[in-house]
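Here is a briefing on how the parts of a two-chain model meet. Look at the structure first, then read the points by topic.

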Amino acid sequence: MSDTLSPRSADEVREAVQWAAAEEQPLEVLGTGSKRALGRPVQAAHALDLSALSGIMLYEPAELVISALAGTPLAEIEAALDAHNQELAFDPIDYGALLGHAPGAGTVGGMIGANLAGSKRLKFGAARDHILGMEAVSGRGEIFKSGGRVVKNVTGYDLPRTLTGSWGTLAVATRITLKVQPRAEMEATFVISGLNPREATQAMTAAMGSSAEVSAAAHLPPEIAAVLSAHGHALSGAATLLRLEGFASSVDYRFAALKALLQVGGTVSRLEAEASRALWRDVRDCRAFAGTDEHVWRISVAPTAGADFIARVQAAFACQAYCDWSGGLVWLAVSGEDPQADAVRAAVADVGGGHAMLVRAPAPLRTAVAVFQPQPEALAALSARIKAQFDPHGVLNPGRMGS
Amino acid sequence: MSGIVMPRPDDEVLARRGEIVAALKRLVPGEGVIDAAVEMRAYESDALTAYRQLPLVVVLPETVEQVSAVLRYCHENSVKVVPRGAGTSLSGGALPVGDGVLLSMMKFNQVLDIDPANRAAVVQPGVTNLGITRAVEHLGFYYAPDPSSQIACSIGGNIAENSGGVHCLKYGLTTNNVLGLEMVLVTGEVIRLGGKHLDAEGYDILALMTGSEGLLGVVTEVTVRILQKPETARAALIGFPTSEDGGQCVADIIGAGIIPGGMEMMDELAINAAEDFVNAGYPRDAGALLIVELDGPEAEVDYLLGEIEAIARRNKASSLRVSTSEEERNTFWAGRKAAFPAVGRISPDYLCMDGTIPRKALPEVLTRMRALGETHGLRCANVFHAGDGNLHPLILYDANQPGQLEAAEAFGADILKLCVEFDGVLTGEHGVGIEKRDLMPEMFTEDDLKQQQRVKCAFDPKQLLNPGKVFPVLHRCAELGRMHVHKGQLPFPDIPRF
């Protein structure tokens, strides 16, 4: 890295990108750099550091809306929301533990660029479901805005949502407006101990398909549950977790309803408030694979396919895995030199398709192996045409999403 | 026909009509091609009935292969295409063009797969919104977005407009409830996006398609999220002396951490029109009426209704009734759901607007709207999705009185400008279409609009799909792609560098 530009305003971002486009000098777009180890590494002589573009510009709790400059630390946003008993409903994952750096390091721009989501995705969606508006600088060096500050809006194409998860390859977001939500009055986790993967899938499917409004459902096999117990969570043996949030009377009522519904064997226990929150934080952040040197995959499949996917890869090579999103999200840790990309993607295809992302691996591997799920030809060509319309000279994060 | 001008038909294409119709008949055999003017009448407008235009020809394909073949033919032969679902658009989104094919997707009407274990359903785009719920309700599920036209509107059209409904504060819009699509590009290429899994590969083109008003591609299959029906639902009918009091009550409910399933407000004129029509028991003397619906486990609904009652009393509620049966709850809603036809009874014609504003701006926007009504000499009834800030002013006019349609359109434009002035937007769920096309510069700069149009160029460089909609000024893609760059010295000596 020879040179870092640190613009302090959207106009300065525009000037920097205009220069980069004119000189065809690629830029690596950064907030705090907490996600540099995610995705395909970018080769760029210049960095565009947005951390000076920071600050909450508008927060109206009664309107359920917050708007901030892209370099604003996520921790600052969460603290502001917390002070009003509100939160980001999609519960963004914190990659700190998994990637080996301090937690709480990212910015709101990075959260949107990576379309973060957490365990509550089944009920509340991902960052893309909560973005309302964006101001950005395209790779052409032009400032544009799209969306607004209201939930219901079909005035023009939904560019904020489209740019969410584009890893800074289409435009540099300068300001982001998000929908927020009241924090639940309380929460508890319905824990079933001792289920095998097939029984766990049945239990999670039944719970998610009931009117108990489960906000998250995960299954930890015994070896993963053991790692999390070592981090202080009260688990023994395989643990199937169902999260309930809401008003106190409602949580108790739904807990009882689940107990009546799920006659699947195993032992039922209940984790209260802080114990529940702490456990889900570690499930969300993939704490079970923190501090190891295994390659880590994040795999998104249909919820009922998760257990089948895990069985297939475990039959093929040495690995550990657990699932979140009622089976729809599999965290997979692969030992040894080879991340087993072909075998992982073959298993994804065999269980009905989905998306496999190589989340943690040394940079040379993330260059050699497709980090994101490869696309069919017509879709890849369309994506390339979209990229060219935003960033014709390819100066923004070249190669970040693929070669 | 008033102020909105559509692109002039291309004489060269009109001259080729016979050849085009013959080619399409080879691609879509049987009764799939309609070219007699009398039969094409049914397609000459959508629910924005003030605008009518016969298309060049109507095509009703039945298979993805046919859609692909028709689009490929049109692309190769530079023929415009207007996709159409059920034709319930209030913004003219499906208004035909005289030199283009009207592509109706209504033969795509099958439910393909119901998968309760993955809480998903796969349907064809011509299935109605309510049809999805009907197909899954025996399993205890429903499809959440519920636009008031749900009995007629198609899911394909819902995707085109990112439709909402009364429950979207809690359950989201179409974009939050669609998991996957199969679509055909204008070149005839078929692509699939998403599915029963949640993470998207690459750019979120699913998000881009939702709300793209038929300008980017033709949807041929939809995977939606279905939800378990809430255990119970009850509604409260709360009257207030003024809309200020009602607005404050809404803010206080959300401030208390309560997200109701639905929250709707009506003004005095709308209350009385609805009451005359359906006798829902609305308080005629109230300045504003709020319907708040709570859904979920019974214990939660009971508790929250108690909280809401207390909040309403603090905000000077003049009347308050809570539904005690499913029948009574439906009666509470009957008036609101019939508000449009109810207003239709008290006025020969009405124009339905669709701006969104921050909730808190409601009292001031209503006051300013009344003043605008006096300026234009027209009355306006208001129904308001109070939960999400989506405002539906219904402008009453008589098309048989010379100048009234023009006055109503001018009043409507002023209302939408007012919404933008208060940090709102031109359209919440009806779409820009032709109706709000020329107002886009009120909300967007030229650069904003050009970047939007460049997205279209990635899909449709010849700009054949749904031309004349959404964008007030058409630019050729070659022109949009041009960049003016000045090579040379660094133009930003002041930016800190490290």
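Buried area is the accessible area (1.4 Å probe) that two parts lose on being put together, summed over both. The size of an interface is often given in this way, as the accessible area lost when the parts come together. The model is predicted: local features need pLDDT of at least 70, side-chain atom pairs count only at pLDDT 80 or more, and totals for chains, interfaces and linings use all residues. Residues are numbered from 1 along each chain as its sequence is written, chains are lettered from A and ligands numbered from 1 in the order in which they are written, and side-chain values use heavy atoms, with hydrogens and water left out.

**Chain B against chain A**

- Chain B and chain A bury about 8300 Å² between them. Carbon and sulfur atoms give 57% of that area.
- Asp199(B), Tyr203(B) and Met483(B) supply 10% of what chain B buries against chain A, more than any other three residues.
- In contact (heavy atoms within 4.5 Å) are 101 residues of chain B and 88 residues of chain A.
- Eight salt bridges are counted between the chains. The term means a side-chain nitrogen of Lys or Arg within 4 Å of a carboxyl oxygen of Asp or Glu.
- Asp199(B) forms a salt bridge with Arg298(A), the closest N and O atoms being 3.2 Å apart.
- Helix H18 (residues 446–459) of chain B gives the most to the side that touches chain A, with 10 residues. Helices (H or I, at least four residues) and strands (E, at least two) are DSSP runs, numbered from the N terminus.
- That side of chain B has 47 nonpolar, 27 polar and 27 charged residues. Ala, Val, Leu, Ile, Met, Phe, Trp, Tyr, Cys and Pro count as nonpolar, Asp, Glu, Lys and Arg as charged, and the others, Gly among them, as polar.

**Domains 2 and 4 of chain B**

- The assignment for chain B, automatic or from a database, gives domain 1 (11–104), domain 2 (111–228), domain 3 (232–340), domain 4 (347–435) and domain 5 (446–498).
- The C-alpha centres of domain 2 and domain 4 of chain B lie 29 Å apart.
- These two domains of chain B bury about 580 Å² between them, 44% of it on carbon and sulfur atoms.
- Glu161(B), Leu169(B) and Glu213(B) supply 58% of the area that domain 2 buries against domain 4, more than any other three residues.
- Eight residues of domain 2 of chain B are in contact with nine residues of domain 4.
- Zero salt bridges are counted between domain 2 and domain 4 of chain B.

**Domains 2 and 3 of chain A**

- Chain A is assigned domain 1 (49–182), domain 2 (186–284) and domain 3 (287–377).
- Domain 2 and domain 3 of chain A have C-alpha centres 24 Å apart. Their contact takes 19 residues from domain 2 and 14 residues from domain 3.
- Between them they bury about 1300 Å², with 56% from carbon and sulfur atoms.
- Thr201(A), Ile224(A) and Asp282(A) lose the most area on the domain 2 side, together 29% of what that side buries.
- One salt bridge is found across this interface.

**Ser45(B)**

- Ser45(B) is found in the loop between helix H3 (37–40) and strand S2 (57–59) of chain B.
- Ser45(B) counts as buried because its relative accessible area is 10%, and buried means under 20%, exposed over 50%, partly exposed in between (1.4 Å probe, protein chains only).
- Not counting residues up to four places away in sequence, Ser45(B) touches Tyr51(B), Arg52(B), Arg84(B) and Pro96(B).
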